[in-house]
Amino acid sequence: MKKTGAIMVLGGGVSGVQTALDLADLGYYVYLVEKKAYIGGFMAQLDKTFPTNDCAI
Amino acid sequence: MITNASLQAIEGQPGSFVARVHQEPRYIDEDKCTACGTCTMYCPRPVADFYNERLDVTRAPHIDYAQAIPASYYIDAKACLRVNYETCNLCAQTCTAQAIDFSQKPRDLELEVGAVVLAPGFGRVDNEVLARFGYGRYPDVVTSLEFERLTCASGPTEGHILRPSDQTRPRRIAFLQCVGSRDETCGNGFCSSVCCMYAVKEASVAKEHEPDLDISLFFMDVRTQGKGFDAARKRAQEKYGLRIIRARVPNVDQVDGRLLLTWVTDDGKSHTELFDMVVLSVGLSAPEDARAIAEASGIELNHYNFCKTTHDAPLATTRDGIYVAGAFQGPKDIPESVTQASGVAALASELLAETRGTRSVTVTYPEEDTSLLEEEPRVGVFVCHCGVNIAGVVDVKAVRDYAGTLPGVVLYEDTLYSCSQDALKSIAEKIKENRLNRVVIAACSPRTHEPLFQETLRSIGVNPALFEMANIRDQCAWVHSQEPEAATEKAKDLVRMAVAKARLLEPLAQPTVDVIPKAIVLGGGASGMTAALSIADQGYQTVLVERSDRLGGNLRDLKWTLDGRDAGKILKDLTDRVNSHTGVEVLLGTEFKGMSGYVGNFTSSLEKGGQTELVNHGVLVVATGGRPYLPKSYGYGKSKRVITQLELESRLSKGKNPLRNVRSIVMIQCVGSRGDDMSYCSRLCCSQAVKNALKIKEFKPDVRVYILYRDMRTYGFSEDLYREARKKGVIFLRYTPDRKPEVIRQTRGIKVRVYDRLIGDEIEVPASWVVLSVGIAPAENEETARLIKAPLTQDGFFLEAHAKLRPVEVAVDGVYLCGLAHGPKSLEESISQAKAAAAKATIPLAKGKVAVAPIVSRVDKSLCIGCGICENLCPFNAIRLVKEGKRRKAETITASCKGCGICASHCPALAISMGGFTDSEIMAQIHAFSQRECEERRES
């Protein structure tokens, strides 16, 4: 069987985006599939993050 | 990137799947949309702004937020008149870019993929559950996510905290923890693992906005078990005067427009108080579409509808070739989600190693336009509003106009969010149009945003070194938030200084170096073995270095995992695979003695039996582990009846009746941890204690088991074990650090004296065994840290480069981190992290080349006197003396140089300069700083 060098990542929140970036860096083609109109997920709605109060966006 | 899309089915087999995906139209062409906002302005259909948690309204065509990606608007099809009734069409008529396209139809895509990663995140808790706490009935009861939008500068109130009922400022706010978590009645019996932290954060942010606020937080247990989290929580508590109350979730009523809370503390007393606003710290549910995803992908879910996984393979679903990461695997915070996300990339990469590069696309940059630099400096200044983050304090337009008066400035503009995609696009266009050869952006911190802007320059053929940032957010708007005029003046100063420096900036080369395709992994425990196997499975030779003469580390002493798996079998599987893998070379009884070189080209010296071997390698993974804390208190070592949890496991796993003559067992939590001897929480002892308590009950149900704890931190699905232990009759008694339990040895047996909060008096419990839940102490990390020049935390663990963005990397490029060397964690978490470190370590190996940072030192050999001070001082071994003729001259090893500038600042002959920070550039900045003062003096 011939394998395909592409991966589908379902979900464009912080996890999905990080996975997609790492896979691309590792030399694979990535389809990032997101159910909403924008990637970012819940993290994009956060103002700051614990504990350093860094900006979430 | 495929948005508005849902998964329909996955067919085929690992390595060769077809994923069927259904995509709904955006009705706006992403390539044409310029994100100008005209469509939103003209649309007559208001819709709830879901991005702002329905606290605001927007129109059917909109963008969620300025930085949203894709940077294109979309039309909410449910609300659109044109889509539903074929009327209106106003947006299409007003869109000058002609981006509105109602001819778009839903599409069904077939994606050929080798592997699938599921990362759908988490879902919301039902409003019915929130209604139990007055949500929906009382307007001033809000969810934590709504509160998040209220405190956000880009939110509906521009960061002002106002009560939804009357838009007044609240004086007293209560945070209610565990809403929709740790509650079987709502179906979520688990702990959501993040709410304790975000509540402390939201309370802190609220106090920064409104220092007079009075904030109370109601916890059942304070679960800030993450790395450095306890310390951060304590700091916040002290700094902001947050009031912490331990109680079951209070009851909420409304009285005269205020909210009356009633709660019972663990001494059995009932309390009531009035608040102006209540924030529900809502937990993380399984995704609403979990069942649909499971059906489409053919995977199984657990009893909470999260993805079913095991502790020895936390990122694998029940179907081969389909993996999982993030909150769908179990509720978790951002650092852990990011870690799992990298980890899952390793899994897919292991499966598809042979196809690497067959489908990838390489990004190319246009050649640099060198003719730009032949001209005089043409500086462009962009001043960022950052929404109201900067513009709320600093007069951005005044700063912009001031920039226009500075020498060399040919373009000066202000932008709402310079980091948003459309702003970057417009900045790039303006650089080209105006032939700018120096760019200054006055915005936030170069630490986070410099690379983004430099990438923009690179994309249009401008050398990224021709760029300077002025941090007018942190250094003006934030620190001088109470003095807007002074902040504006300071912003002008910073811009003037940045422009003065920018005029002298020179382009810097972007060298790359080849990578030796080999990895060294330090430490042969569960994490080290997992990382080594993953790198080898991804196709790269790996050397696994273990100091002792056996593989296994702490896993050798563990008997059962938290999900009841045989730890011995996991250990055997790992060691068998490591020993038989042709890509892994195992070096036992071997000490790591030193490392030189730089990412891609390290040389390490490994010593075995007095003999030293040099190994060249491209990357290093540190998995040197930790060790159980050796208790000094509670009579440990003086009586055989006082043992640790691991010793208990060992006793329980021996013989047929390990609990003969045992009638009562008392477990004491936080031995060594949380300010006892070590300042931090060891994270896994609570789960380990309930796991072993259940094991005891399984062997011999009539043994009385007591667990004396400070906060039960059985986060995530371990909460199930905690609840089961309570059901099986395990008795939990909370103690405080000022009233620790006492172990009293008697001639026959032993007893434990402890303060019972419900009775309000001390009680004595006879104990056949006392089991100490000892914390996890760091290994002897100082020596390793010194050899690889990696920093440690105050607690003695390795420090990651960034807790959220780079959780498995250390500050030294090419060095990665996992397992207990990073901090206390469970086997499940260690394995995820080891996979993540393996993925990150494999990236440079797979690329074959690494880019070297352009900011390096440069020696002017005609000035160098060969004194050698720089060579002695360089902390990175990045400068050396070479003979040139009869003279000695210093020379920078560009690839090792970190650009710290120590050499340049100590050179007695001023022969060393730093790229991007030359003496003349810095002097120009300093002169510019004093310039205004001089002028003012002259005028007076």
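I looked up the helix 18–helix 19 pair of chain B, whose crossing is left-handed (the near helix is turned anticlockwise from the far one by less than a right angle; clockwise would be right-handed). The model is a predicted one, in which local features need pLDDT of at least 70 and side-chain atom pairs count only at pLDDT 80 or more, while totals for chains, interfaces and linings use all residues. Residues are numbered from 1 along each chain as its sequence is written, and chains are lettered from A and ligands numbered from 1 in the order in which they are written.

**Entry: helices 18 and 19, chain B**

I took helices (H or I, at least four residues) and strands (E, at least two) as DSSP runs numbered from the N terminus. The axes of helix 18 (residues 685-699) and helix 19 (residues 719-727) of chain B come within 9 Å and cross at roughly 40 degrees. That makes helix 18 of chain B oblique to helix 19 of chain B (under 35 degrees is roughly parallel, over 145 roughly antiparallel, 65 to 115 roughly perpendicular, the rest oblique). I noted the residues in contact (C-beta atoms, placed from the backbone, within 7 Å). Helix 18 of chain B supplies Ser687(B), Val690(B), Lys691(B), Ala693(B) and Leu694(B), and helix 19 of chain B supplies Leu721(B), Tyr722(B), Glu724(B) and Ala725(B).

**Entry: helix 6, chain B**

Helix 6 (residues 195-209) of chain B has 15 residues and reaches 21 Å from first C-alpha to last, close to the 21 Å expected at 1.5 Å a residue (1.5 Å times one less than the number of residues). Twelve of its 15 residues are buried, so helix 6 of chain B is largely enclosed by the rest of the structure. For burial I used other C-beta atoms within 10 Å of a residue's own, placed from the backbone: 20 or more is buried, 12 or fewer exposed, in between partly exposed. The buried residues of helix 6 of chain B include Lys201(B) and Glu202(B). Among the elements covering them are strand 3 (48-49) of chain A and helix 7 (229-240) of chain B.

**Entry: backbone checks**

I found a cis peptide bond between Phe50(A) and Pro51(A), with omega about -5 degrees. Pro51(A) lies in the loop between strand 3 and strand 4 (54-55) of chain A. The bond from Ile69(B) to Pro70(B) is cis, omega near 0 degrees.

Gln98(B) is not a glycine, yet has a positive phi of about 50 degrees. Gln98(B) counts as exposed, with 10 C-beta neighbours inside 10 Å. Phi of Leu910(B) is positive, near 50 degrees. Leu910(B) sits in the loop between helix 23 (902-906) and strand 45 (912-914) of chain B.

Notes. Two residues are in contact if their C-beta atoms, placed from the backbone, lie within 7 Å. Axes are lines fitted to C-alpha atoms, for helices over the stretch in contact, and angles run from 0 to 180 degrees between N-to-C directions.
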